[in-house]
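Good morning. Please bring up the model on your screens, and keep the sequence open beside it.

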Amino acid sequence: MTTAVGTGRSTTSRRAVWWWARPAAAAGTLAVLVWQLGTSPFLDGVRAVDGGALAAACGLAVLTTVCCAWRWRIVAQGLGIDLSLGPAVAAYYRSLFLNVTLPGGVVGDVHRGISHGRDTSDVGRGLRAVAWERSAGQVVQVVVTVAVLLVVPSPVQATMPLVALALLAAAAGVALAVRVRPAVGRSRWARLRGAAARELRDGLLARRAWPAIALASALVVAGHAVTFLIAARTVGATAPSSQLLALALLVLLAGALPNIGGWGPREGVTAWAFAAAGLGASAGVATAVVYGVMVFVASLPGAAVLLVAWVRRSRSGPSLEWPLPARLGVLARRDGAADA
């Protein structure tokens, strides 16, 4: 008994350390940038933001959010749960706002999955629908990024053939895992693998689903990349659009790293990428700051969704809240990816 309790405490301690290490790493990245470059790039980025850039960001956010909600709806329906497009768009805006204002970058997605699960009386399936939807978007983002970086000059172009081969090998492995039907009931791992394979087939890879999911995800990546290009032009970057596109896709991948409301790795990767491309680390940080401000302003409709929901709850009186799933903390810790 003592050993079991000790093991449980050790596991909890490791999880707590990892939970706090993520924002600490993001804060450390920002601290290093300030130490090396000073505060001028950050202030220059804030000063460079103008109404035109913010308006463009809000317009592009409408496109990307609708596409994300459409993708979520398709995946949810594949898993056998109903989801209308209108409520999906509102919920996605809410999750975006929470993601860019709270540490971790996934709190909004966890909240979105739980809320949808409560509405459909299946919290577990609601969370899995969100996890599959986000995963599908990130897979398409990686594929698009590798494809572009194979042909467009960038600081990492020399390594892209190896990355492409690794991506093909991973895709082959996933295809094999989906096709092989493990014996159900022999072990917990076999049951979990079988359930995941079924959901992958039905929710993402079904003929009616995957073309729409791929299209929606590609449009989302394009919208984020154009937003980054506008941010770069706003701070005065004059490099060719093709070069900035390659840098934008690299920076967007940094969203998968631990962050504080989106900040930290994005600024570090942008500084490195701009410096490697000969554009200057300071210009990279300023671009990342403008991009961060644009994304925050574009997510503000999510604050309105939260406010409306709060007013409705206040008028209807207190209601019983379902207890959160026991594994919620684990889910939030494992998925640090940004919206894709």
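This is a predicted model: local features need pLDDT of at least 70, side-chain atom pairs count only at pLDDT 80 or more; totals for chains, interfaces and linings use all residues.

Let's start with the overall make-up. How many helices and strands are there in the protein chain? The count is 14 helices and zero strands. The protein chain has 340 residues, and 41% of them are buried. Now take the contacts between residues at least 6 apart in sequence: 71% of these join residues at least 24 apart.

Next, the first helix pair. Two packed helices are described by the angle between their axes and the distance between the axes. Please find helix H3, residues 51-78, and helix H6, residues 123-151. Their axes come within 9 Å and cross at roughly 125°. That angle makes H3 oblique to H6. The crossing of H3 past H6 is right-handed. On the H3 side, the residues that meet H6 are Cys-68, Arg-71, Trp-72, Val-75 and Ala-76. On the H6 side they are Ala-129, Val-130, Trp-132, Glu-133 and Gly-137. Sorted by class, this contact of H3 with H6 has seven nonpolar residues, one polar and two charged.

Stay with H6 for the second pair. At what angle do the axes of H6 and H9 cross? The angle is roughly 65°, and the axes come within 9 Å. H6 and H9 are therefore roughly perpendicular to each other. This crossing, too, is right-handed. From H6, the contact uses Ala-136, Gly-137, Val-140, Gln-141 and Val-144. From H9, it uses Ile-213, Ala-214, Ser-217, Ala-218 and Val-221. By class, the contact of H6 with H9 holds seven nonpolar and three polar residues, and no charged ones.

Gln-141 is in helix H6. Is Gln-141 buried or exposed? Its relative accessibility is 8%, so Gln-141 counts as buried. Setting aside residues up to four places away in sequence, Gln-141 touches Val-221, Leu-252, Leu-253 and Ala-340.

Along the chain, Ala-218 and Val-143 are 75 residues apart, yet their C-alpha atoms are separated by 9.5 Å.

Now the core. The largest nonpolar core has 62 residues. Which of its residues touch the most other members? They are Trp-72, Ile-213 and Leu-244. Another core, of six residues, lies apart from it, and its members include Leu-33, Ala-281, Val-285 and Val-289. Back to Ile-213: leaving aside neighbours within four places in sequence, Ile-213 is in contact with Arg-71, Ile-74, Val-75, Ala-136, Gly-203 and Leu-204.

Last, a loop residue. Leu-257 sits in the loop between helix H10, residues 241-253, and helix H11, residues 265-276. Leu-257 is partly exposed, at 41% relative accessible area. In sequence, Leu-257 and Gly-105 are 152 residues apart; in space, they are 9.3 Å apart, C-alpha to C-alpha.

That is the end of my part. Thank you.

Conventions. Residues are numbered from 1 along each chain as its sequence is written. Side-chain values use heavy atoms; hydrogens and water are left out. A nonpolar core is a set of buried Ala, Val, Leu, Ile, Met, Phe, Trp, Tyr and Cys residues joined through side-chain atoms within 4.5 Å. Buried means under 20% relative accessible area, exposed over 50%, partly exposed in between (1.4 Å probe, protein chains only). Contact means heavy atoms within 4.5 Å. Axes are lines fitted to C-alpha atoms, for helices over the stretch in contact, and angles run from 0 to 180 degrees between N-to-C directions. Helices (H or I, at least four residues) and strands (E, at least two) are DSSP runs, numbered from the N terminus. Angles under 35 degrees count as roughly parallel, over 145 as roughly antiparallel, 65 to 115 as roughly perpendicular and the rest as oblique. A crossing is left-handed if the near helix is turned anticlockwise from the far one by less than a right angle, and right-handed if clockwise. Ala, Val, Leu, Ile, Met, Phe, Trp, Tyr, Cys and Pro count as nonpolar, Asp, Glu, Lys and Arg as charged, and the others, Gly among them, as polar.
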